[in-house]
Amino acid sequence: MVSQTTSEVHPTMGVKIFSAGVAACLADIITFPLDTAKVRLQIQGEGQTSSTIRYKGVLGTITTLAKTEGLPKLYSGLPAGIQRQISFASLRIGLYDTVQEYFSSGKETPPTLGNRISAGLMTGGVAVFIGQPTEVVKVRLQAQSHLHGIKPRYTGTYNAYRIIATTESLSTLWKGTTPNLLRNVIINCTELVTYDLMKGALVNNQILADDVPCHLLSALVAGFCTTLLASPADVVKTRFINSLPGQYPSVPSCAMTMFTKEGPTAFFKGFVPSFLRLASWNVIMFVCFEQLKKELMKSRQTVDCTT
């Protein structure tokens, strides 16, 4: 993402956005059951949940879901998840280097930590506002259960968009933007900046070459740091988005209700699946992202040479 030899041609902004979108979609498809498990664990203990089923651990949650609701339930909300990655991850990751270069323009020194954080804040914030409706639909589809005679609120992705917009309001599709903005600003800054710094340290100190092992290790470290910092905002975001109209008057009310009824550990519900999901997502996404950029630029150079 940062370290490039002088012999390499820098990827264009279009190549970065396309590579980030494709890599993020692939990572989402592979890790989606972990995300569904995370959502179910995060909403466990809510007053509105009438299900007597208790989820225990990552594998326990996935196994219970598969047994009681069927394997397809693990991928409920995947279309919205893919839409989210196309509209969200492609921008926050694909534009990161370009925005970072903008903040560093006119300076001979490498980008500072402040430049990197500013780039993460800007790209993450813009991407959240664009992709929030897909996040609302994805979470609600993952959270709904048809057990114990409970009729699902939505029959599919586009049905969910329509029902939310018509029965609640169009603005409900942006419900939870504040906690999601906080969560994704934390994620974007921590994930991209940590990956950036870790990769740079490994390459510049000649510990690892700028290749797959380096990308894999950097992504794992970034995944752990990101999960640790973003977990409280992530749980509040999930609870607030999935809540019925009027259940929580505001985001702070949701957070305070969680704290008083379930204690501070409630903010770290689903931490293990969150880490497993984010770490595996990071590894798949960053490795694919880096390789896609290289291959696309090689193809472009080959075309340029033949013309």
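This is a predicted model: local features need pLDDT of at least 70, side-chain atom pairs count only at pLDDT 80 or more; totals for chains, interfaces and linings use all residues.
**Ground rules**

I number residues from 1 along each chain as its sequence is written.

**Entry: helix α6**

I looked up α6, which covers residues 157–168. A helix here is a DSSP run of H or I with at least four residues, numbered from the N terminus. α6 has twelve residues and reaches 16 Å from its first C-alpha to its last. That is close to the expected 16 Å at 1.5 Å a residue, where the expected span is 1.5 Å times one less than the number of residues.

I then listed the buried residues of α6: T157, N159, A160, Y161, I163 and I164. Buried means under 20% relative accessible area, exposed means over 50%, and partly exposed lies in between, with a 1.4 Å probe and protein chains only. What covers these buried residues includes α3 (78–94) and α5 (113–143).

**Entry: N159**

Is N159 buried or exposed? N159 counts as buried because its relative accessibility is 18%. A polar atom of the N159 side chain lies 3.0 Å from the backbone nitrogen of T155. I checked this against the rule for a polar contact: a pair of N or O atoms within 3.5 Å; within protein, one must be able to donate a hydrogen and the other to accept it, and residues adjacent in sequence count only if both atoms are side-chain atoms. Setting aside residues up to four places away in sequence, N159 touches R153 and Y154, contact being heavy atoms within 4.5 Å.

**Entry: cysteines**

How many disulfides does the structure hold? I found zero disulfides, a disulfide being a pair of cysteine sulfur atoms within 2.5 Å. For C189, the nearest cysteine sulfur is that of C225, 13 Å away. C189 is buried, at 11% relative accessible area.

**Entry: aromatic rings**

I counted six aromatic pairs. Rings of Phe, Tyr and Trp (its six-membered ring) pair if their centres lie within 6.5 Å; planes under 30 degrees apart are stacked, over 60 edge-to-face, and the rest tilted.

One of the pairs is Y102 with F103, which is edge-to-face at 5.7 Å centre to centre and 65° between the planes. Y102 is exposed at 60%, and F103 is partly exposed at 26%.

Y158 and Y161 have ring centres 6.2 Å apart and planes at 40°, so I noted this pair as tilted. Both residues are in α6, and they are separated by about one helical turn because they are three residues apart. Y158 is exposed at 62%, whereas Y161 is buried at 16%.

I also saw K175 over the face of F240, 5.4 Å from the ring centre. The rule asks for NZ of Lys or CZ of Arg within 6 Å of the ring centre and within 35 degrees of the ring normal.

**Entry: L292**

L292 is in helix α10, residues 271–306. L292 is partly exposed, at 24%. The C-alpha atoms of L292 and F18 are separated by 9.0 Å, although these residues are 274 apart along the chain. Leaving out neighbours within four places in sequence, L292 is in contact with S19, V22 and A23.

Definitions and conventions
Side-chain values use heavy atoms; hydrogens and water are left out. Helices (H or I, at least four residues) and strands (E, at least two) are DSSP runs, numbered from the N terminus.
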